[in-house]
Amino acid sequence: MTKIIYNKYEKSKISSLPVAEFPGRIIVVLTASQAERAVDYLLSCSILGFDTETRPSFHRGVQHKVALLQVSSEDTCFLFRLNHTGLTPAIVRLLEDATLPKIGLSWHDDLNSLHKIGNFKAGNFIDIQHYILDLGIEDLSLQKIYANLFGQKISKRQQLSNWEADILNDKQKIYAATDAWACIKIYKEIIRLKQNGEYQLINKGQQHETSLSEER
């Protein structure tokens, strides 16, 4: 069945879409020993999704350090609370792994944030933004790309919440896990569509121009 995708997805349509949420286990990591076990598990998986969260600043010139590193397999997501653990040897081992594909969005920015709290040499990271253009999709935000490919909405309501809170609430956990897991889903769908070619790209700009031409 041919999938219809758009070069640009209309933001106004996203609010009416069904919500996408990570369906698996979410495990919070607070100590170095927990990080060691989590990394051992993650490195046994076949693919991982990555993202980070930082406490928002509402004052000019104030910038906080990255507080959370979320790393997801297809069914389990670990939330590494970096404001508690820092970059432990196990987390560095995960970040430097050169074999396992690690999927992120605008990952260069995340790596820069992580480098501010510790030194490491980034391993095998894949940025969705470098692949999505191959399908003709011009949007670069996770929310628009996911809506375009799957017809579902990733809620961003928790984005500006306090990621350094003593305890993350359930909504924060689901938000963080969903963002990391969604990177895997998007990447696999990009690869699938590129391999089988079963998609039709609708260029919204050309569609608008055709419409105006017909009116004339």
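This is a predicted model: local features need pLDDT of at least 70, side-chain atom pairs count only at pLDDT 80 or more; totals for chains, interfaces and linings use all residues.
Colleague: What span is expected of helix H6, and what does it reach?

Modeller: Helices (H or I, at least four residues) and strands (E, at least two) are DSSP runs, numbered from the N terminus. H6 covers residues 170-196, 27 residues in total.

Colleague: What makes the approach of Asn 169 to Lys 171 a polar contact?

Modeller: A polar contact is a pair of N or O atoms within 3.5 Å, one able to donate a hydrogen and the other to accept it within protein; residues adjacent in sequence count only if both atoms are side-chain atoms. At the start of H6, a side-chain oxygen of Asn 169 comes to within 3.0 Å of the backbone nitrogen of Lys 171.

Colleague: Why is Gln 70 assigned to its accessibility class?

Modeller: Buried means under 20% relative accessible area, exposed over 50%, and partly exposed in between, with a 1.4 Å probe and protein chains only. Gln 70 has 0%, so Gln 70 is buried. Gln 70 belongs to strand E4 (residues 66-72), and a polar atom of its side chain lies 3.2 Å from the backbone oxygen of Ala 176.

Colleague: Why is the pair of Tyr 146 and Phe 150 given its class?

Modeller: Rings of Phe, Tyr and Trp (its six-membered ring) pair if their centres lie within 6.5 Å; planes under 30 degrees apart are stacked, over 60 edge-to-face, the rest tilted. The structure holds 10 such aromatic pairs. The centres of Tyr 146 and Phe 150 are 4.6 Å apart with planes at 40 degrees, so this pair is tilted. Tyr 146, at 0%, is buried, whereas Phe 150, at 23%, is partly exposed.

Colleague: How do you know that the charged end of Lys 102 sits over the ring of Phe 125?

Modeller: The criterion requires NZ of Lys or CZ of Arg within 6 Å of the ring centre and within 35 degrees of the ring normal. Lys 102 is 5.8 Å from the centre of the Phe 125 ring and is counted as sitting over it.

Key: Residues are numbered from 1 along each chain as its sequence is written. Side-chain values use heavy atoms; hydrogens and water are left out. The expected span of a helix is 1.5 Å times one less than its number of residues.
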